Amino acid sequence: MRAELARLRDSIDNIDAAVVHMLAERFKCTQQVGHLKANHQLPPADPDREARQIARLRQLAENAKLDPAFAEKLLTFIIAEVIRHHETIAKSS
Ligand SMILES: C=C(O[C@@H]1C=C(C(=O)O)C=C[C@H]1O)C(=O)O
């Protein structure tokens, strides 16, 4: 039992590391989008794009047998942080 628990926890740690690295890459992209938007006087948030992303992610979650409501909550949480960054970039440019 102990060996199996340790093996599973090793995998969980690897997955958590991958999530952190993927999020870091995503934020690198969204920071660039924030600068593009600020340079072209576009608003920090794009609700139409967000609605499309949420619909897409919910479908992906369903296919992957992940709770779509959880997937939506997670994406909404991430996007809120991105918009906060974009507002900061817009204010400072
Ligand atoms: C990154 C963008 O800015 C905002 C953040 C989004 C995101 O994190 O996916 C999506 C839409 C925008 O509200 C964008 O417009 O593409």
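Mentor: The chain has 3 helices and 0 strands, where helices (H or I, at least four residues) and strands (E, at least two) are DSSP runs numbered from the N terminus. Read along the sequence, the pattern is α-α-α. The radius of gyration, taken over C-alpha atoms, is 17 Å, well over the 12 Å that the globule rule gives for 93 residues, so the chain is more spread out than a compact globule; that rule is 2.2 Å times the number of residues to the power 0.38. Along its principal axes, the C-alpha trace spans about 60 × 25 × 15 Å.

Trainee: What should I know about the numbering and the origin of the coordinates?

Mentor: Residues are numbered from 1 along each chain as its sequence is written. This is a predicted model, in which local features need pLDDT of at least 70 and side-chain atom pairs count only at pLDDT 80 or more, while totals for chains, interfaces and linings use all residues.

Trainee: What is the mean pLDDT of the chain?

Mentor: Where pLDDT is low, the predicted coordinates should not be read in detail. Here the mean pLDDT (the predictor's confidence in each residue, from 0 to 100) is 98, and 100% of the residues reach 70 or more. For the complex, the predictor gives an ipTM of 0.99 and a pTM of 0.96.

Trainee: How do I read the span of a helix, and are the residues of H1 largely buried or in the open?

Mentor: The expected span of a helix is 1.5 Å times one less than its number of residues. H1 has 38 residues and reaches 55 Å from its first C-alpha to its last, close to the 56 Å expected. For H2, the 17 residues should span 24 Å, and its end C-alpha atoms are 24 Å apart, which agrees. As for burial, a residue is buried if 20 or more other C-beta atoms, placed from the backbone, lie within 10 Å of its own, exposed if 12 or fewer, and partly exposed in between. In H1 the number buried is 1, so this helix lies largely in the open, and in H2 the number is 0, so H2 also lies largely in the open. Over the chain, buried residues make up 2% of the 93 residues.

Trainee: Which helix gives the most to the shell around the ligand?

Mentor: A residue is near a molecule if its C-beta atom, placed from the backbone, lies within 6 Å of it. H3 gives the most to the shell, with 4 residues, although H1 (2-39), H2 (47-63) and H3 (68-91) each supply at least two. Among the residues around the ligand are Thr30, Val33, Asp46, Arg49, Glu50, Ile83 and His86. By class, the shell has 5 nonpolar, 3 polar and 3 charged residues, where Ala, Val, Leu, Ile, Met, Phe, Trp, Tyr, Cys and Pro count as nonpolar, Asp, Glu, Lys and Arg as charged, and the others, Gly among them, as polar.
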